[in-house]
Each structure stands twice: as structure tokens, then as C-alpha cells.
Amino acid sequence: MLAYIIRRVAQSALVLLVVGLVAFAMFRFVGDPIENMLGQERTMEDVERLRENLGLDQPFVVQYYKFLENAVQGNFGLSYRQGRPVADILLERLPATLELAFVSGLLALLGGIALGIFTAIRKRGVTANIIMTASLIGVSLPTFLIGILLIYVFSVELGWLPSFGRGQTVQIGGWSTGFLTQSGLQALVLPAITLGLYQMTLIMRLVRTEMLEVLRMDYIRFARARGIKDRAINFRHALKNTLVPVITITGLQLGSIIAFAIITETVFQWPGVGLLFINAVQFVDIPVMAAYLMMISVMFVSINLIVDMLYFAIDPRLRVDRTAGGH
Amino acid sequence: MTDAPLSETQVSAPAPSRIKRIWESDFMWSFRHAPVAIVSAIVVLVLVLAAVFAPLIAPFDPFNPATLNLMNGFTPPGEANAFTGDTFFLGTDDQGRDVFSTILYGMRISLFVGFSAVLLAMLIGVTLGLIAGYLGGWTESIIMRIADVQLTFPSILVAMLIFGIAKGVTPAEYRDQMAIWVLILAIGLSDWVQFARVVRGTTLVEKNKEYVQAAKLIGRSRFSIMLRHILPNVLNPVLVIATISLALAIIAEATLSFLGVGAPPTKPSLGTLIRIGQEFMFSGEWWILLFPAATLLALALSINLLGDWLRDALNPRLR
């Protein structure tokens, strides 16, 4: 068990180092940093001085080490486009993305579990079949089309909800929240649904499959034979055993929610880190891209690690073959 | 695709023609009895043909400025333009380009990028998967670790990143020309892991079978064993993944182009067209958005359904 944990932590550290190398290589080799920082009117002395200041005359390994050292301290230099420290810009934008990701994650989890249970219990019902078919279409529907469709129906045609931005936000410490104003909550509805819908279909299908599997087990049949009410069997006996894989998959999906937020944020012009990243890609703003990459990989890697540990803690059956069998 | 898994139940009696043999194989039998697969295949076929023959079908050349008339801008579908009296089957966009023609040409780009990206991913993935599975040892460890690291990130994010880096490397004046190739590279590189994993897994099973032992004994080189003996036996799952990857690649391309980090407006793909159309959603010119979006959806959905069927047909155990 301990050996397994140590190996997983070491693996995660390795992943971060590799990602760091990619981010550093972007910094160093995509475009000339000197070119980007100094304007047209520069002398050779300026170039030399900056090269020395930035440490660009030192060996590659030393530069990489310096880069990592800075990155750990949250120092990613200045954005080429805005001329401000990248860390400041990221911190300013982060609350918007986290709030969006939180709400859509919650929506996906609750909606997915509820619909999954429903479609599993009413396996042959008409409504359940309609839901299943809709979910198949939902998987093929690109996120941005869902967003556009929602904007068209609820903003353009019905005029109920805003189509872009965050509405009014309230500043609490360094955190700007949209939860406390009416316009902020209204602005959250469409992006949250857009972002959560795909994950919701995934969770729903997973819960359904697991639930159908569990309902076939002997102990469920035995419970039925004992005359326990359907409601109690479904929710107390079956659901509990369904939730183990659901928790882990949901954990892993959290990462992709943050990544897919890029698309949703662009459709709704939501001022989060995803929109920041896509603008950085458009304008080749390397420091922002590198910092976003590092930030998101730290998130992904820690989520993966936690989920793996959780798996261990929740399901005792897995302990034996996980420690024994390779990967 | 058609003659991949011929059934073994063929009776060799009067030697039927090749076409007939294929038609009567298990594979085709399963196809003939899956209405969803037939409809999807027809939709895909029609769309692909329309894209390939776009220059012949399209009533206008949307990229030839000489044929454009700005007065024709914003003509609703099927109605005569108030100034020029011209009618357009699916209407025109802001610059007076025929929407039907731009969709045909856009689909051409979407499909080209999709097919090429999957081909690239397949080439990289199958090669690395074969090598990892057959050679084992540290070669395998390195390849599979890289795959694991990449799998930590959603492929659309990897594609965006590769696009951004490649854009930074290409000089500004070539960026628009190179955009299509950069897209193929980005999507292809973001998608090889699936192929590598499956091919490695199958190779691990295949390499211990007797025919491989036999090939080794007669002194075949490792390279030729991998290429001539193992490769043909791992192709079924590759075909399934390729189909599903194609739908994903087309969606990925559309997403990137929609986000403005893909095909440029001078060479619009379906995603770029949707991006352009979105601007006119609020002012009521719905056709500029709706038709490209519907085309993309039809394309992605039917390829997905075809892939679903193919997975079941080629692997009866999964049913």
C-alpha cells in the first residue's frame, strides 16, 4: 500500500517535470523572448544586457532549473500582450472558471445520478428510452453547438437569460463572485448547462450500466425474496454499490470540465482562464500559455492522484491486485 | 473496409464471385440487418461525395471574388434578392457568398483535416504500439509512459497547445496557408494514444501465438514479423477506433476552428462557418448559422453511429 502510494506520487512528480519541460521549451524556443520584449529600436548592448538579465546565456539545464524554481513560486514573467505579470492575470480570472466548473460539475453529478437511476429502474419505459436516445445525440453534439443552441432559444428567441458575460460580481477579498447577485446567477445558468451536459450524459450512462449490473446480483434477488420494498432495494442496497466507480469517474471528469471550460467560456465570453488561454493561443502569448499549462497540469495531476487514493480507500477489493499487478 | 473479415464459414464448393462472397459474408450480413448503420452509411457517403465533387456541384465558387456580388449579401434561403433578383437555395452570408457552396467547400476542408489527422494518428499509434508490444523492455516503458502523460490531458487541450506552438514557430506571413496542415498535425498528435494502447495490447497477445514462433524459427527479421505477420492481425480494432476517431477529429477540427484557432476565414471549414454564422444569430440571419451547424451534426452523428455498429460487428464478444 505504502509502496504503491510512493510510486504514484513519484509518477505524478515526473509528469509535472515533463510538462514543465514542455512549458519551458515553449518559452525558450517559440519565438525569441528578446525580440518579444525589446522594441524596434534596440542596440546590441541592450540585447546582450537583457540576455544576461534573463539568464539566457546560461546552459540549458540551468535555465530549466531556474524556470522550475520560478514556476513553483508562481512567477511566470510578463504577458507579451498585456505587459502585466501572468500570475496576476491568472488569479484575477480563476474565480470565474472555478465557479462555473463547480456549478456545472454539481449539475452533471446530481442530474447524471438521478437520470441514471431512473433509466436503470424503468429500463423498458418510454421516457427512459427517450432519455437514452437523447443522450446518444448529446454525445455527438459538440459543446459549442449546445451553447449556441441554448443562446438561440433562451436569449435570442425567449429573451430570458443573458447570452454573454458574468453579470454583476461582488468582490470578496481577492475573489470575485457571481453567486450573490441576481444578474450573476442568471448569467451562470446557460454556461453551466452547456458545460455540464456532456459530463451529465457520461455519468448517467455509467450509473445506468453499473446499476443494471448490480440489480442482477444475488443479494438483490434475495432482498426481493425477503419482501423488502422496491424503493429500499433500489436506493439503500443497489445505489450504494453503484457509486464507487461513479465517484472515481466524476473525479477524473473534473479535469476535463476545466479543459472544456475553454470552449464554453469562448461561446459565452465568460471572463475566466479558459478564454484567457484561447486568446493567448490566438496571439501566441507564450508566457500565458505556459502558465496555464502548468496550472492546469498541477490540477489534473493532483485530481488523478486523489482519485487513485480514494479508489483505494473506498473499495477494499482492489487493494490486493493493485499492489500486486504492475501499473 | 469492405473485404476485411471474410467469414470462415464459406463453403468452397462452386467458387462464387468475389463481390458475392463479400456480400454474403458475416460482416455484410450484419450490415444488411442494421437499418441504423445503413442510413448512417448512406448519409456519410452522400456527404463525402458532395465534398469531393464540390467544384462540380457547387453553383458558385465562394473563393473567387469575381463571381461575388456584395449586393447579394444576406439573401434569405429560397427568396429572390431585393436588389439583384438572384435566388439562392440556402441563402447567402454577409459578403453575398452562397451558403450552400461554402458548406460544400467547408465540408471538404473538414473532411480532409479529419481523414488526414486520423491517418496521422493511426500511423504514429500503430507503429509505436507495435514496437512497444513486440519489443517490450525499456522501449515499451518509455512509449507507454509518454502515452500515460498525454492521456492525463484531454486531447482537445493538447491539440490547442500544439496549434499554439506551431503557430508561434511559423512566420506570420505563412500562418494562414499553413493553418490546415498545422490543424492536421495538432489533431493527429493529440489522438495517437488510443491506437498505440490497443495495438500494444493485441500485439502482446499475438506475439506468443504459434505463427509468430514459426516465423521466428525460419529466421524472419523482427521488422518483417511485425509488419507482415502481426500487423494484419491487429487491424480490426484499429479500424473501429479509426472510425470513432474520425468523428472525434471532425468535431475537434470544428471546435478549434470555431474558437478561432483553426481554419482561417479565407479557407473556412464547417467550424469557421459556424463561427461566422454565430455573429448573425442576434440580427435574425439564422440561415448563415443553421445550415453549417446541421451539416456538421449530421456528419458527426452518422459517423459515430457507423462506428458504434462497426465495433459490435467486428467484435461479437462485446455485444
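Predicted model: local features only at pLDDT ≥ 70, side-chain atom pairs only at ≥ 80, totals over all residues.
Chain B contains 14 helices and 0 strands, and along the sequence its elements follow the pattern α-α-α-α-α-α-α-α-α-α-α-α-α-α. Of the 319 residues in chain B, 44% are buried. Among the contacts in chain B that link residues at least 6 apart in sequence, 65% join residues at least 24 apart.

Where the two chains meet, 29 residues of chain B are in contact with 28 residues of chain A. On the side of chain B that touches chain A, the helices α7 (155-169), α12 (235-258) and α14 (287-314) of chain B each supply at least two residues, and the largest share, 10 residues, comes from α7(B). By class, the residues on this side of chain B divide into 21 nonpolar, 7 polar and 1 charged.

Turning to chain A, the unreviewed UniProt entry lists residues 12-30, 100-121, 133-154, 185-207, 243-270 and 290-314 under "transmembrane region". Two of these segments can be followed in the model: residues 185-207 of chain A are 100% helix and 0% strand, with the end C-alpha atoms 29 Å apart, while residues 290-314 of chain A are likewise 100% helix and 0% strand, with the end C-alpha atoms 36 Å apart.

The packing of helices in chain A can be illustrated by two pairs. Helix α5 (residues 86-121) of chain A packs against α10(A) at an angle of about 145 degrees, the axes lying 10 Å apart, and the crossing of α5(A) and α10(A) is right-handed. The residues that make this contact include A:Leu100, A:Ser104, A:Leu109 and A:Ile117 on the α5(A) side, and A:Asn234, A:Val246, A:Leu254 and A:Ala261 on the α10(A) side. In terms of residue class, the contact of α5(A) with α10(A) has 12 nonpolar, 5 polar and no charged residues.

In the second pair, helix α6 (residues 126-140) of chain A and helix α8 (residues 182-215) of chain A pack at an angle of about 135 degrees, with their axes 9 Å apart; because of this angle, α6(A) counts as oblique to α8(A). The crossing of α6(A) and α8(A) is left-handed. Here A:Ser135, A:Gly138 and A:Val139 of α6(A) meet A:Leu197, A:Tyr198, A:Thr201, A:Met204 and A:Arg205 of α8(A), and the residues of this contact divide into 4 nonpolar, 3 polar and 1 charged.

A:Met299 is found in helix α12 (residues 286-314) of chain A, and it is partly exposed because 15 other C-beta atoms lie within 10 Å, a count between the limits of 12 or fewer for exposed and 20 or more for buried. Apart from its neighbours within four places in sequence, A:Met299 is in contact with A:Gly255 and A:Ile258. The C-alpha atoms of A:Met299 and A:Ala23, which are 276 residues apart along the chain, are separated by 15 Å.

A:Gln269, by contrast, lies in the loop between α10 (230-267) and α11 (273-282) of chain A, and A:Gln269 is exposed, since 12 other C-beta atoms lie within 10 Å. Its backbone also deserves attention: phi of A:Gln269 is near 45 degrees, a positive value in a residue other than glycine. Most residues other than glycine have a negative phi.

Terms used:
Residues numbered from 1 in each chain as written. Chains lettered and ligands numbered in written order. Helix = DSSP H or I, 4+ residues; strand = E, 2+ residues; numbered from the N terminus. Contact = placed C-beta atoms within 7 Å. Nonpolar A, V, L, I, M, F, W, Y, C, P; charged D, E, K, R; others polar. Axes fitted to C-alpha atoms, helices over the stretch in contact; angles between N-to-C directions. Parallel < 35°, antiparallel > 145°, perpendicular 65-115°, else oblique. Left-handed = near helix turned anticlockwise from the far one by under 90°. UniProt positions renumbered as here; feature names shortened; annotations may be inferred.
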